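Hello,

Here is the structure we talked about, with notes on what was found in it below.

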Amino acid sequence: MSSFNIIGKREPRVDALGKVTGAAKYADDYNLPHQLHGAVKYAEYPHAEILSIDTSEAEKVPGVEAVLTYKDVPGANHFGLIPNIRILADDHTRYLGDVVAVVAAVDRRTAQKAADLIKVKYRELLAVFDPEEALEENAPVIHEGGNEIVHHKVRKGDVAAGFEEADFIIEKTFKTQPIEHAYLEPEAALVYPDEHDGFTVIGCMQNFYTSHKVIAAALGLPLNKVQIIQSTMGGSFGGKDEAATLVAVRAALLAQKTGRPVKMLSTREDSIRQSYKRHAYKLYYKWGCKKDGTIAAMEIKAVADGGAYASMSPFVTWRSVVQATGPYYCPNVKTDVYAAYTNNNFTGAMRGFGSPQVNFAIESMMDELAERVGVSPLQIRLRNAFEDGAETATGQKLTHRVSLKEVLIKAAEASDFERKWREYRSEANRTKTFPKGIGLSCAYRGVSLGAEGVDAASAVVYVQPDGSVTVSAGIIDMGQGARTVMAQIVAEVLGIPLQRIHFLEPDSGRVADSGPTVASRGTIMGGGAAKIAAENVREIMKHTAAVVYSVSPAHLGFRDGKVWDDNGKSSRPLCTFEELTAACYARGKPLFASGVRHVAETNWDEETGQGNAYFTFVYGANVAEVQVDSATGQTELLNFVSVHDVGRAINKATVEGQIYGGVAMGAGYGMMEEFIQENGEAKTINFDEYYILTAMDVPKMKAVIVENPDEHGPFGAKSVGEPAVEMAAPAVTNAIYNATGRRVQNLPANLEEVRLGQKLRRNVQRASVACKIEPK
Amino acid sequence: MRESISFVLNGKITVIDFLSETRFTPTTTVLNYLRSLPGHRGVKEGCAEGDCGACTVVLAELNGDGRLTYRAVNSCLIFLPKLHGKALLTVEYLKGQNGQLHPVQQALVETHGSQCGFCTPGFVMSLYALYQEKTEYSRENAEEALAGNLCRCTGYQPILKAAEKVLKEKPAADSEKEQKLIRLLKNLPKESVAVQTEKQYYHLPATLDELLHLRQTYPQALLLNGATDAALRVTKKFETLPAVIDTSAVAELGFFTKTERSFIIGSGVTIQRLKDISRDHFPALSRMCRVFGSRQIRQIATLGGNLGTASPIGDMLPVLMAYDGTVILKSLNGERRVSLDEFVLGYRQIDLKEEKIIYAVELPIPGANVHIRTYKISKRREVDISTVSAAFRLELNNKETIERIKLVYGGMAETTKRAYKTEAFLQGKAWNGETVLAAQKILVDEFTPISDARSGADFRRIAAANLLLKFWQELSK
């Protein structure tokens, strides 16, 4: 169908060989002679004033080379979007993952033993672990200026009039739990002094441009004295931003102090204890609906638990406010989303970024609406779904192809949804010991950062004198396949085999600051930049070829490793790619070019919550089929269909990989995963308590790729990484409803929730919130 | 007695002499050992407690008929002496002579079975063991073998596809590499190891007699076999274990005999083997073995080890009690038999008086009128510690009344416990829905379980009662 050579092909991943042989080098696989090992001293109270820190005993331990507290940080000890994250806790502790001191010693055991000898005097303060309580007037204040991190609004039409007009109201409260990223590789960094008074950092940082700035500022050095080398990353899912920066900057401070290489490595327990999580939300949804199944008004309030520091809370909740009404028509909208500080682990970016929470509420509400109106979940969605040219809750007119109905219908067809839904809701099924159920969900998602931030990305392409090519972009590969996708894009533009391209992980001196690899922007932004860079190189080659072969540059084609004159009716090969490369170098034309991808304009009005939030959107639909054990509440995933309009699949197999992985993570969010804290103490600090799905738990999955190319993406490509995960949970809980007739309103749908309709342990935790620590 | 261990590491004979060695001790884990060597960094640490499988390696050994058996195990849970006399294979071993990939690696490349790749060497080794063992492909076999390897990127679908692809191919006949390994293994010394350093002694006896003598001489020593628990004390808490007797090399504990009336199973039999041994006559036990940890755990964890910890949530005890098991204890002075019903005295306490070791368990083969089922409620279906586990035994007479009933629960009290009150109520009653409903009411109040991170007390009570109903429903089908 397409005229592409390599775009869309199921090429093997370019990094697969190193990964299956164990040759791939992750951060902890780097070592240097005489390196020291770091260890941390944790805060002992979730909220306390630090009165004094005594490190003298730790310093006496043989083998200890440095013990640092905040006083030893030469530069900035604070960082973050709202810069209140402390590298080392200074005046206060705000959660139990705060680090009060760090130690460098000859080995980990010695470092840990020394850290355990550090004595800290505290004055305990009242702590608060519930974001709604934190917003109350007399709540303990965690940061100056109060506990409200942010309050985003969307105002459209007149909700009061809308509710007036409605035939009935649906009002429900939902709760979502915090979850752990659970990247298999815990954070690690190796930092060593280099030969020109600077430092080199090897680590696994998702947003290494940010890490770069934080580390340089903490060390008191200019950016060009700190070099960041990105190691192969063992997963991130939004998690290795501030969490990995903290590990790296602490290693850097110890390296600066000792003048020796320092390795800082988190154990799994360290990782879960320190790192930020996905926000827990409490969601209040009120819809005014009409008998015909349309929605006249939506009033929504959501409160997110931001934990101890702001991190990405302002942006995460912004995406929530933009997408809180789902891809459905509604003329009257009032949405308020808050994030509040608490003394829990701080929360930040995680794959989905503020959408999984609201999608759970929206898609549960939509099924409730279907039930009230007496139509199927598919019919109710088709009735309300956005179409081409629709106007969103933020007043944005959708000018791209709106494929929501297309993906919904494909998902329903691929899963035999309508028939099964009817069968399973029968009394005959629901009274079985093992009733089955099927559930549908859909969502739309703004691509890339949107109006939340500056959005540009860079890449460089270098055709070396022998015709082999290196490409580097300011986008990193965390495992999602960016290396492969970038290489395919460049191979397509230059018309050469994929094997001729080598993707270099970016380092801080190689490619201009391209912002973070987040928001499913890797392909559309980084890939877009790589395409432009490759086209810029090709231009140089075309001009040389035009001179050498006396042809018009406009008629030159690059494919099959050759350069073609496509003038007139026939094509003829002029030379090989390598020959033209040699000709360029011989004429003093080095083949090196950069490309910068900018995006179409977005805008936002903070007061009204109106504006063009994102330059384009993607659409997806999920269907989950489950079987519930009525005696125990155990839910088994049987089948899963996940349909996504990705614009264009650069590599079908990597797109499917994103979808399968997203389903497993999203379904786990729906039924199993939960980061449990009690009075600020993390209880699920390793994989024996924090459960992710195993090979035995995953359903049989079917990924369906829909392609409606978008003008903004390279070859029409948009996004899939986060869409893949963001709507799986409500598909599962809607399926549980179909099987049992009981709606799960609190995630996860674990045994207690499904069997009893409530979480017993959670109640215990809520009760214990009352027993706050009194100040002495 | 030797003070060093000898094993084959990726095709090379390797000797570690703990007296001259400064980097490693007998309680260094195989994971930490490998990661300190040049060129063996494919093995990864993801959890250091046997839950994620990123550190999976393969142990190859010669079996009775001179062929190799392959076991995928978690290197983070294994102390170095366990390698004595065996071959340790890591992902680096799989490289072909001309750098070509092993079929399991090739399959993972083709199916996009690796994304971030951190878990990949572990999956490669789990699949490699499966392939070398010439396992027949079924989705169930593949899932069972891979459930101990966590992956956060792929959703497992491409990896399961790789398993299907590679298991459907017939592995090549014993390759040159295998023959070489067999030759090397044949020449390895097998005798006992005894290491005594300033801080620690570690004994690895090779015979039962030696073991019993050691037990007499060092009564305070930590007795271990699979060491799935003990390793965590070293790696997580930086403890030095001062005295260890490792029973894993005592071949006499790995026995299994079958008579007309019963099975006698040695305490050194691994859970994985127990699963196979029990398949025909003790199906409920076999099923429980299947959801006992991951395959990597099952292949080192032993029957005796699980009984020895007397964990209130251990999976083995309830089902063995339901089968009316008897434990056979041994010392230099002789044997003693204790009914498993009386074996556990309190929280993690067992009846192991002057007898020094758990030698074996005897299980009478149940008659046709005996119905035994086991249940495990956990957040995840497998590779998870039970919230509540139960094993039920029902003997009906020909009038469908209850001749004898045994209701054994784990996770409901500080030890594995029988619901004696409910049992007494049921005794002699007709086995029907009404009886079961009445029994449930007693059962709900019979235990006072705790609330913890896994579950609330009320849920445990309700679940415990529901399991009885489930038992009845299943039997009445």
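The UniProt annotation "domain: Aldehyde oxidase/xanthine dehydrogenase a/b hammerhead", from an unreviewed entry, covers residues 21–126 of chain A; such annotations may be inferred rather than shown by experiment. In this predicted model, the end C-alpha atoms of that span lie 52 Å apart, and the span is 13% helix and 36% strand (DSSP runs: H or I of at least four residues for helices, E of at least two for strands).

On conventions: residues are numbered from 1 along each chain as its sequence is written, and chains are lettered from A in the order in which they are written. Local features need pLDDT of at least 70, side-chain atom pairs count only at pLDDT 80 or more, totals for chains, interfaces and linings use all residues, and side-chain values use heavy atoms, without hydrogens and water.

At the interface, 74 residues of chain A are in contact with 64 residues of chain B (heavy atoms within 4.5 Å). The two chains bury about 6,200 Å² between them, 58% of it on carbon and sulfur atoms (accessible area lost on being put together, 1.4 Å probe, summed over both). In chain A, A:V20, A:L184 and A:M696 lose the most area to chain B, together 14% of what that side buries.

The rule finds 7 salt bridges across the interface of chain A and chain B (a side-chain nitrogen of Lys or Arg within 4 Å of a carboxyl oxygen of Asp or Glu). A salt bridge joins the side chains of A:D29 and B:R35, at 2.7 Å, N to O.

Regards
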